[in-house]
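Subject: Structure handover

Hello,

Here is the structure I said I would pass on. My notes on it follow below the entry.

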Amino acid sequence: MVWREGRAVERTRPRGDGTVAATGVLTAAMGFSMLQLFLIGALGPLIVPELGLSAVQLGLTTTVGFGLAALLSPLAGRAVDALGPRRCLVALLLLAGGALGLIAVAPGYGVLLLAVGIGGVPQALANPATNKAILATIPVARRATVTGAKQSGVQLGAIAAGLPLTLLAGVTDWRTAAGAAAGVAVLGALWAWRVLPADPGDRRDGAGIGGDRHEPAGSPVVRWLAVYSFLLGAGLASVNTYLALFGEQRLGLSTTVAGVSVAMLGLAGIVGRIGWARAAGRPGMAVVLPAGLALGSACAATLLAAALWATPLIWAAVFGIGFFGMAGNAVSMVLVIQRAAPGRAGRDSALVAAGFFAGFAVGPPVFGALLSGNGYGVGWFLVAGSFAAAAAVAGAWARRDRRTPDRLRA
């Protein structure tokens, strides 16, 4: 990769090692960006009694984490545009390691919240830095595919917290598991510094994924996607938080089977993010996909309510929400990369991510308040309504975008 007149220009090189290594780094960065929250949730049964926490205090860690990430995202986007993706990805992994290390030594709730607060910075940096890195290092033809792969890193982080780290905690203790994760994060920072190219002096971004023009600074596509991401995130967070509890309390599933439903949600999300992001790389597809993915999620959420009368429907519902809903965020990031104005990929990515994080912070408390008075059926219809509203927002913008001449689009 060389830089000419402020833009990245691809140098002819064999496909393979460079792109694969960069994809691995970006995927790892996405996974570690939220690992502290996944780890606290997965190890909650061990952490709560030792630190003397209540269930409310444990749940508050998620709200604090996503709330801080939403607030910090605009600043993180500016930092990525100013400093470059390699520096910010190294910082992301080091901060993630620091947050995990604090969890490992936490004597009480205050330090645990401090760890979550520090972990909000990697969350805020993740999408801006990885998207900017894709523009700087990945050939145009492969950017959509790599975007889907790196977005699946979030689900891989959840799986890592739920399987190997939980097993390690069972063999040793939860502090050892958190410490081991911290050590791997630091090694990841060294890997990122070695694999990614040096940040250029002029950090304006190169061409997008291909087939679409850039939007000017502050373009409506970013605002539309931020609202869409908020509505999508609110629904997904509610499903993530209450799915296992719903299976146990209302459907009579065992703890193990309820846990399998959560794992299935994550696996379907990985498949959906990779597949739909690849499809979004085709010219024009990223504009129309968000509405369809949100609508598919809304239909799947109604199946969760229907599972109250026909339990097997939960499996179709879980697969649908994972395959369609979780892919919506990946396709949003493909669209941001396609439309980002030169020099604004970090900020534009951060604003869209802020909407998603805000939805994750708001969704579960609202669902929980509704649940206490109305039950799961009404709650799942609320989630379906949130997804349907996201579909309406995305559909309205797609119609406007198609009708606007190229020279006037903004």
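A residue is called buried here when its relative accessible area is under 20%. By that cut-off both Phe246 and Trp380 are buried. Please keep in mind throughout that this is a predicted model.

Overall make-up

The protein chain contains 16 helices and 2 strands. Of its 410 residues, 55% are buried. Among the contacts with a separation of 6 or more, 85% are between residues 24 or more positions apart.

Aromatic rings

A pair of aromatic rings is described by the distance of the centres and the angle of the planes. The count comes to 13 aromatic pairs. One of them is formed by Phe246 and Trp380, an edge-to-face pair with 5.4 Å centre to centre and 80° between the planes. Phe246 belongs to helix H11 (residues 220-249) and Trp380 to helix H16 (residues 376-403), so this pair ties together parts that are 134 residues apart in sequence. Ring pairs also join these two residues with Tyr242, Phe367 and Tyr376 in a cluster.

Ser238 is another residue of helix H11. Is Ser238 buried or exposed? Its relative accessibility is 3%, so Ser238 counts as buried. Setting aside residues up to four places away in sequence, Ser238 touches Leu243, Gly363, Pro364, Phe367, Trp380 and Val383.

Elsewhere, a charge sits over a ring: the charged end of Arg86 is 3.7 Å from the centre of the ring of Trp193.

Helix packing

Two packed helices are described by the angle between their axes and the distance between the axes.

Helix H6 (residues 109-137) packs against H7 at an angle of about 155°, and their axes are 10 Å apart. Angles over 145 degrees count as roughly antiparallel, and H6 is therefore roughly antiparallel to H7. On the H6 side the contact is made by Asn127, Thr130, Asn131, Ile134 and Leu135, and on the H7 side by Arg143, Val146, Thr147, Lys150 and Gln151. The crossing of H6 and H7 is right-handed.

Helix H7 (residues 143-151) also meets helix H14 (residues 313-339), where the axes come within 9 Å and cross at roughly 140°. H7 and H14 are therefore oblique to each other. This crossing, too, is right-handed. Ala144, Thr147 and Gln151 of H7 are in contact with Asn329, Ala330, Met333, Val334 and Ile337 of H14.

The remaining pair is helix H2 (residues 35-42) and helix H8 (residues 153-162), with axes that come within 9 Å and cross at roughly 35°. H2 and H8 also make a right-handed crossing. Here Leu35, Phe38, Leu39 and Ala42 from H2 meet Val154, Gly157, Ala158, Ala161 and Gly162 from H8.

A contact of Ala76

Ala76 is part of helix H4 (residues 55-83). With 8% relative accessibility, Ala76 counts as buried. Which residues does Ala76 contact, leaving aside its neighbours within four places in sequence? They are Ala124 and Leu125. Ala76 and Ala124 are 48 residues apart in sequence, yet their C-alpha atoms are 5.9 Å apart in space.

Regards

Note on methods: Residues are numbered from 1 along each chain as its sequence is written. This is a predicted model: local features need pLDDT of at least 70, side-chain atom pairs count only at pLDDT 80 or more; totals for chains, interfaces and linings use all residues. Side-chain values use heavy atoms; hydrogens and water are left out. Rings of Phe, Tyr and Trp (its six-membered ring) pair if their centres lie within 6.5 Å; planes under 30 degrees apart count as stacked, over 60 as edge-to-face and the rest as tilted. Helices (H or I, at least four residues) and strands (E, at least two) are DSSP runs, numbered from the N terminus. Buried means under 20% relative accessible area, exposed over 50%, partly exposed in between (1.4 Å probe, protein chains only). A charge sits over a ring if NZ of Lys or CZ of Arg is within 6 Å of the ring centre and within 35 degrees of the ring normal. Axes are lines fitted to C-alpha atoms, for helices over the stretch in contact, and angles run from 0 to 180 degrees between N-to-C directions. Angles under 35 degrees count as roughly parallel, over 145 as roughly antiparallel, 65 to 115 as roughly perpendicular and the rest as oblique. A crossing is left-handed if the near helix is turned anticlockwise from the far one by less than a right angle, and right-handed if clockwise. Contact means heavy atoms within 4.5 Å.
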